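Visitor: I'm new to this one and would like a short tour. Can you put it up and take my questions as they come?
Guide: Here it is.

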Amino acid sequence: MIGGLFIYNHKGEVLISRVYRDDIGRNAVDAFRVNVIHARQQVRSPVTNIARTSFFHVKRSNIWLAAVTKQNVNAAMVFEFLYKMCDVMAAYFGKISEENIKNNFVLIYELLDEILDFGYPQNSETGALKTFITQQGIKSQTKEEQSQITSQVTGQIGWRREGIKYRRNELFLDVLESVNLLMSPQGQVLSAHVSGRVVMKSYLSGMPECKFGMNDKIVIEKQGKGTADETSKRCLSGKQSIAIDDCTFHQCVRLSKFDSERSISFIPPDGEFELMRYRTTKDIILPFRVIPLVREVGRTKLEVKVVIKSNFKPSLLAQKIEVRIPTPLNTSGVQVICMKGKAKYKASENAIVWKIKRMAGMKESQISAEIELLPTNDKKKWARPPISMNFEVPFAPSGLKVRYLKVFEPKLNYSDHDVIKWVRYIGRSGIYETRC
Amino acid sequence: MTDSKYFTTTKKGEIFELKAELNSDKKEKKKEAVKKVIASMTVGKDVSALFPDVVNCMQTDNLELKKLVYLYLMNYAKSQPDMAIMAVNTFVKDCEDPNPLIRALAVRTMGCIRVDKITEYLCEPLRKCLKDEDPYVRKTAAVCVAKLHDINAQLVEDQGFLDTLKDLISDSNPMVVANAVAALSEIAESHPSSNLLDLNPQSINKLLTALNECTEWGQIFILDCLANYMPKDDREAQSICERVTPRLSHANSAVVLSAVKVLMKFMEMLSKDLDYYGTLLKKLAPPLVTLLSAEPELQYVALRNINLIVQKRPEILKHEMKVFFVKYNDPIYVKLEKLDIMIRLASQANIAQVLAELKEYATEVDVDFVRKAVRAIGRCAIKVEQSAERCVSTLLDLIQTKVNYVVQEAIVVIKDIFRKYPNKYESVIATLCENLDSLDEPEARAAMIWIVGEYAERIDNADELLESFLEGFHDESTQVQLQLLTAIVKLFLKKPTETQELVQQVLSLATQDSDNPDLRDRGYIYWRLLSTDPVAAKEVVLAEKPLISEETDLIEPTLLDELICYIGTLASVYHKPPSAFVEGGRGVVHKSLPPRTASSESAESPETAPTGAPPGEQPDVIPAQGDLLGDLLNLDLGPPVSGPPLATSSVQMGAVDLLGGGLDSLIGGTNFVAPPTAAVPANLGAPIGSGLSDLFDLTSGVGTLSGSYVAPKAVGSISMDLQLTNKALQVMTDFAIQFNRNSFGLAPAAPLQVHAPLSPNQTVEISLPLSTVGSVMKMEPLNNLQVAVKNNIDVFYFSTLYPLHILFVEDGKMDRQMFLATWKDIPNENEAQFQIRDCPLNAEAASSKLQSSNIFTVAKRNVEGQDMLYQSLKLTNGIWVLAELRIQPGNPSCTLSLKCRAPEVSQHVYQAYETILKN
């Protein structure tokens with residue numbers, strides 16, 4: 001199991017050091033600094049073995065978090081724990097920075113004592129932790145409160161406490177998708193997938209039972225089998241169902257029920273959480289197409305022309321569009337002409353950055369650039385990195401639709417109809433690249 | 001709130017100031033001071049001098065302050081054990097606090113303080129906390145048992161905590177169950193044979209139920225534990241798989257990977273014809289692909305595991321090639337791993353896509369990545385024959401780029417392609433030769449030279465090319481030198497007329513001017529071949545070469561199976577078994593996949609033989625029983641306790657060839673020394689029987705060697721003579737020896753002393769003094785002794801049978817009255833009778849011979865012409881054996897009757913008699 005946990009700043013100074021196991025000595029702290037943080041070359045692996053001691057690290061801005069062990073631990077668990085640790089810290093004091101860590105070091109030690117016992121991760125749900133790790137002490141609690149805390153921390157529903165009350169029961173669903181594309185210069189899709197998340201913000205009283213439904217092909221087809229009427233309905237709505245390659249759920253979702261009935265039921269944590277993640281690869285709506293044209297004119301000049309085409313309903317607007325066209329390292333000057341938006345050559349990034357604030361569907365726009373090159377005798381050819389794109393669109397490129405989210409709270413007197421529900425779809429670019 | 005100020009105090013006299021503040025009356029000031037202390041501790045300053053002052057702050061209602069003091073204690077208690085005692089009272093009091101959070105905090109902290117005296121005080125509170133009404137306290141106490149076990153394993157056993165912990169597996173609270181499972185699994189790792197977890201269908205059911213309810217971390221503990229279970233048949237395996245598959249949709253990647261581990265392992269037991277088997281295969285792919293959208297560090301762990309899974313079961317991911325395409329912004333470690341998997345998945349169906357990708361990668365920036373991409377193209381050519389032509393042309397394109405390392409890498413792989421498809425692509429040789437000058441890496445130079453030599457007849461200027469290399473012969477690396485030598489000899493055999501001078505030059509360079517033995521020997525061999533029989537030389541040097549195999553870097557199957565059992569863990573990331581990177585005995589138990597079984601067949605134990613297990617012919621090597629093996633593996637190989645010495649006269653029991661020849665073998669002979677005079681405290685009265693017998697057939701013990709009776713070496717001690725022969729090719733050092741628990745508590749009394757490293761084929765003889773104060777466990781047969789010898793290469797296991805008379809002590813003479821009373825007292829069913837044949841000794845001689853081995857004649861009488869000897873002996877553990885030996889003058893056989901309260905020993909005493917009398 002995890003033998004110790006260290007947090008360093010960018011210089012390699014220790015900000016937090018907590019040792020859980022006897023086999024980890026103080027010298028481990030220095031070993032990591034010397035061999036990883038101060039190492040000359042780029043880090044080649046997130047797991048490093050130094051003198052039979054294994055170090056797992058993740059970096060958040062310029063802060064290093066390292067878990068140390070001498071045993072054959074579950075490596076995936078260690079990384080999951082480190083991410084979780086970051087989430088918990090962020091939930092308590094915001095951004096993970098040297099200043100915030102120093103300002104909260106007592107709190108961090110207290111958290112580390114609670115969420116990792118002898119190197120075994122314990123309950124690390126912030127909702128539960130915040131009920132008793134407050135930095136104000138817990139003397140004032142009554143006996144009932146104490147047992148409520150402990151039963152929540154250890155219980156089946158560790159992520160929600162009892163007795164939550166809201167005057168207005170409200171919930172927000174965000175379907176956030178990032179669409180990833182790798183396209184060949186000829187416009188052939190080499191790989192494309194959508195990785196999506198359903199994020200829920202719930203302000204519901206009591207212990208509500210929720211059931212979430214979407215246009216999952218498997219579910220729709222199952223229901224379609226019911227009656228003949230519905231079969232015809234399915235034909236109509238058939239195109240609207242989507243094939244989900246795989247999905248994972250927040251720990252509140254009853255997985256066995258999903259496995260057997262494919263229904264998504266859960267008691268949500270209070271506040272914001274990620275209900276599910278999913279991945280689709282079929283029938284993706286690619287919001288933009290990039291058509292590159294690069295011509296080498298002699299040895300000292302490149303002509304680049306890039307056309308982008310928006311491919312969605314004309315009534316919708318894409319935002320924050322940015323196209324990055326890489327330029328060779330020996331670029332000496334660039335002239336750009338674009339029809340829409342603004343384009344600039346950024347020498348420090350070796351790229352032409354073309355920004356467009358808004359663009360409606362079914363439109364196209366174009367940029368052309370002349371790149372002057374310094375003559376070099378460098379034998380190595382320019383690697384021609386792909387043209388990448390960023391954007392945001394108000395729909396889900398996978399085609400996912402929320403069909404319902406039903407809320408049942410048998411003990412309190414509010415019904416599903418009383419709950420105010422909001423649904424929003426945002427599609428963003430993930431790694432959206434076209435080779436040129 | 002700004003705590004960062006605590007980090008900035010660097011004034012002189014700081015400790016003194018802090019001391020004053022810690023003793024302040026004001027609570028706030030105290031707390032501030034403790035915070036400063038903790039801040040100093042974090043940055044590595046020594047603040048142990050403040051120990052008493054900090055501990056004084058412990059008695060407080062302020063929980064935050066208390067936690068800070070506890071944190072300090074955990075860090076410094078070990079360095080100040082005496083003062084740490086001061087804290088005990090508060091701990092014990094806190095364990096009784098009405099607030100469950102405080103009770104848990106106290107027991108949690110106490111477990112982290114590794115001071116013996118505190119540990120003693122921990123037992124009572126811990127016992128209470130394990131049965132606390134509050135689940136939070138119980139779950140904390142469960143982990144505390146593991147902590148205590150790490151400090152003092154014996155104490156945990158003695159106090160019965162293990163049983164309490166086992167009970168917690170049936171606890172109503174899922175988190176308590178999960179922590180108990182984690183603690184038990186960890187403890188079980190250091191006692192692999194103890195069957196601590198005692199997994200059976202009922203307990204598995206409990207775990208599977210808890211799996212649905214506990215936290216994500218708890219699910220990981222439980223799944224990892226389940227993976228060690230061995231279902232009794234395929235039906236059970238399937239039903240467990242069915243209940244584990246829902247975990248594949250968990251958001252936590254570690255839960256997913258642990259579930260994959262359970263499924264991969266249990267799948268072994270399912271028949272491939274089952275519909276369910278196919279369903280399961282299909283279910284595994286999507287979650288594995290989803291892992292690739294996790295954060296890069298987790299992607300890396302996932303990819304290392306997928307690499308194993310693809311090798312074990314390629315069918316799972318064969319359609320998922322695209323997801324392993326490298327993204328421009330992937331970290332380099334992710335890129336390299338993806339590339340590896342792409343090659344493994346390459347097939348005729350997807351080769352076009354793969355090649356297009358690889359070509360793209362070969363133009364990237366990172367040198368390692370580019371090299372690997374080029375190499376991958378070569379591997380594709382070898383793996384998918386249809387693609388070979390395209391691969392070769394792609395490689396030629398890359399050579400045209402003239403990027404130095406790309407060219408070199410391409411030449412290395414083209415050499416392999418030539419070997420796979422001879423006489424097909426040699427037309428490209430001309431292009432390769434153009435790049436001769438730019439090659440500066442040994443591997444590329446050697447590859448190019450090989451090509452020139454191999455195809456010398458098609459290259460007009462082959463002799464010139466090779467000659468150009470010859471100029472700097474001594475500056476080349478060995479690899480290039482060897483290749484050059486061979487290439488020129490090949491050239492000579494193909495074009496003998498023009499190249500005589502050249503071959504003589506290289507032979508003399510290799511044999512006379514080089515001090516590299518490999519090079520010199522190869523030179524001489526060629527020289528003699530060429531000078532004695534050129535025809536034979538041609539046959540040897542230009543012999544047809546076997547085609548190279550498709551996959552070159554596959555993990556060896558037994559290792560792969562073991563690694564599959566470690567999916568998700570560090571072992572799967574390193575692709576090495578845990579023993580390669582974990583110190584000591586922990587977690588070194590070898591795991592292996594279950595055998596495929598039909599319902600009726602029972603599965604073998606999961607922890608079967610270690611790698612390099614011996615072939616069947618050595619009868620006495622241990623590994624057949626998994627649990628025994630585990631026991632040995634986890635014995636601590638430290639220096640043993642020295643015990644009182646015993647008697648003499650050694651009987652060579654035989655040398656056992658343990659690990660059956662080859663690299664892994666090592667010979668051990670164990671000679672036992674029998675005691676004529678003995679002085680051993682008779683301890684540990686385990687109920688072991690005795691009897692009388694006569695003397696025969698010593699060799700029945702250890703399969704291979706016959707026994708011989710050796711004169712006593714030292715009086716009054718038991719010792720074991722070992723003969724260690726190094727049959728490996730490498731030097732052996734760092735020997736250590738350890739005995740498994742045995743019937744009479746035999747244990748080494750001193751460390752194994754092998755003074756010099758043992759070079760290959762060298763033999764040493766060592767005499768190891770033994771004591772009888774080790775732990776006792778009844779063995780079958782009784783005189784079986786299992787021995788582990790460790791060295792820098794591996795751990796070797798032996799078992800041997802020792803003659804019982806080495807254990808006879810010298811105060812074994814019983815008083816006559818006592819003898820009579822005891823004889824009558826022992827029930828008749830405990831009497832055993834044996835015949836000792838071919839023993840033409842008279843009573844006198846027998847008596848004196850026996851006496852020298854501590855068998856004492858108490859009385860003697862003559863009945864009807866037969867001599868009756870009444871004898872007694874005592875074993876090191878205090879068991880008395882009474883004997884009646886009837887000798888008939890003129891008759892070579894005599895009769896031995898043995899009576900003992902522990903009749904099991906009779907057979908062995910009889911054998912001892914036989915041995916002694918016949919020598």
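Guide: One term to begin with: a salt bridge here is a side-chain nitrogen of Lys or Arg within 4 Å of a carboxyl oxygen of Asp or Glu. K67(B) and E110(A) have side chains that meet in one, at 2.9 Å from N to O.

Visitor: What should I know about the model and its numbering?
Guide: This is a predicted model, in which local features need pLDDT of at least 70 and side-chain atom pairs count only at pLDDT 80 or more, while totals for chains, interfaces and linings use all residues. Residues are numbered from 1 along each chain as its sequence is written, chains are lettered from A and ligands numbered from 1 in the order in which they are written, and side-chain values use heavy atoms, with hydrogens and water left out.

Visitor: How many salt bridges are there between chain A and chain B?
Guide: There are 13. Helix α2 of chain A, residues 75–93, gives the most to the side of chain A that touches chain B, with eight residues; helices are DSSP runs of H or I, at least four residues, and strands are runs of E, at least two, numbered from the N terminus.

Visitor: And how many residues does the contact take from each chain?
Guide: It takes 93 from chain A and 109 from chain B, where contact means heavy atoms within 4.5 Å.

Visitor: What area is buried between chain A and chain B?
Guide: About 8700 Å², with carbon and sulfur atoms giving 56% of it. Buried area is the accessible area (1.4 Å probe) that two parts lose on being put together, summed over both.

Visitor: Switching topic, which domains does chain B have?
Guide: The assignment gives domain 1 (441–532), domain 2 (704–802) and domain 3 (806–918); such bounds come from an automatic or database domain assignment.

Visitor: How many residues of domain 2 of chain B are in contact with domain 3 of chain B?
Guide: Ten residues of domain 2 of chain B are in contact with ten of domain 3 of chain B. The area buried between these two domains is about 860 Å², of which carbon and sulfur atoms give 73%. Their centres, taken over C-alpha atoms, are separated by 30 Å.

Visitor: Which side chains meet in a salt bridge there?
Guide: Those of E904(B) and K778(B), at 3.1 Å from N to O.

Visitor: What does UniProt say about residues 808–918 of chain B?
Guide: An unreviewed UniProt entry annotates them as "domain: Beta-adaptin appendage C-terminal subdomain". UniProt positions are in the numbering used here, feature names are shortened, and annotations may be inferred rather than shown by experiment. In the model, this stretch of chain B is 28% helix and 34% strand, and its end C-alpha atoms are 18 Å apart.
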